[in-house]
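Here are my notebook entries from an afternoon of looking things up, one topic at a time. Follow along on the display as you read.

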Amino acid sequence: MSLQDDWTAVERNLTELIRSVARLEEQVGAGLDMRRVRSDTHHLRESLGLLKESIAGAKAGPPGVGKDEMVPVPDAPYDASLWKDAEDEGLGAKDRHAP
């Protein structure tokens, strides 16, 4: 099965689940537990939509850089001004003392 076939099957099954939950709610009533189940099914639909978008975005990749394209990193040292007034992690700034 292809990815598209799997997505179609999941969406179809989820739509059927939402319909079944609605029919069940008609029989059982709209109590707290039933509202939670209905809410969970809608959250699942939203989560699957977000997953589908993230997968589509991951396939596209960042603009200008291919998935397998190498990005050169220069061997030259970084500009020292980048680290001006930076604190060492866990040590604090040079001109301050620990409380």
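**Entry 1: a pair in helix H1.** I started with Arg 19 and Glu 16, which sit three residues apart in helix H1, so about one helical turn separates them. Helices here are DSSP runs of H or I with at least four residues, strands are runs of E with at least two, and both are numbered from the N terminus. The side chains of Arg 19 and Glu 16 meet in a salt bridge, at 3.7 Å from N to O. I noted what that term asks for: a side-chain nitrogen of Lys or Arg within 4 Å of a carboxyl oxygen of Asp or Glu.

Before going on, I wrote down that this is a predicted model, where local features need pLDDT of at least 70 and side-chain atom pairs count only at pLDDT 80 or more, while totals for chains, interfaces and linings use all residues. Residues are numbered from 1 along each chain as its sequence is written, and side-chain values use heavy atoms, with hydrogens and water left out.

**Entry 2: a third partner.** Glu 16 has 34% relative accessibility and counts as partly exposed. Arg 19, at 48%, is partly exposed, and Arg 23, at 42%, is partly exposed too. My cut-offs: buried is under 20% relative accessible area, exposed is over 50%, and partly exposed is in between, with a 1.4 Å probe and protein chains only.

Entry 3: I searched the whole structure and got five salt bridges. One of them joins Lys 52 to Glu 11, with the closest N and O atoms 3.1 Å apart. This pair links distant parts of the chain, as Lys 52 is in helix H2 and Glu 11 is in helix H1, 41 residues apart. Lys 52 is partly exposed at 32%, and Glu 11 is partly exposed at 36%.

**Entry 4: Thr 41.** Is Thr 41 buried or exposed? I found that Thr 41 is buried, because its relative accessible area is 6%. Thr 41 lies in helix H2. Leaving aside neighbours within four places in sequence, Thr 41 is in contact (heavy atoms within 4.5 Å) with Leu 14, Leu 17, Ile 18 and Val 21.

**Entry 5: the loop.** I looked between helix H1 (3-28) and helix H2 (32-60) and found Gly 29 in the loop there. Gly 29 is partly exposed, with a relative accessible area of 25%.

**Entry 6: past H2.** Leu 82 lies in the segment after H2 and counts as exposed at 54% relative accessibility. Together, Tyr 78, Leu 82 and Trp 83 form a nonpolar patch on the surface with about 430 Å² of accessible area. A patch takes residues with over 30% relative accessible area and no salt bridge, joining like charges within 9 Å and nonpolar side chains (Val, Leu, Ile, Met, Phe, Trp, Tyr) within 5 Å. Accessible areas come from the Shrake-Rupley method with a 1.4 Å probe; for residues, only the protein chains shown count as cover.

**Entry 7: the whole chain.** I counted two helices and zero strands. Buried residues make up 9% of the 99 residues.
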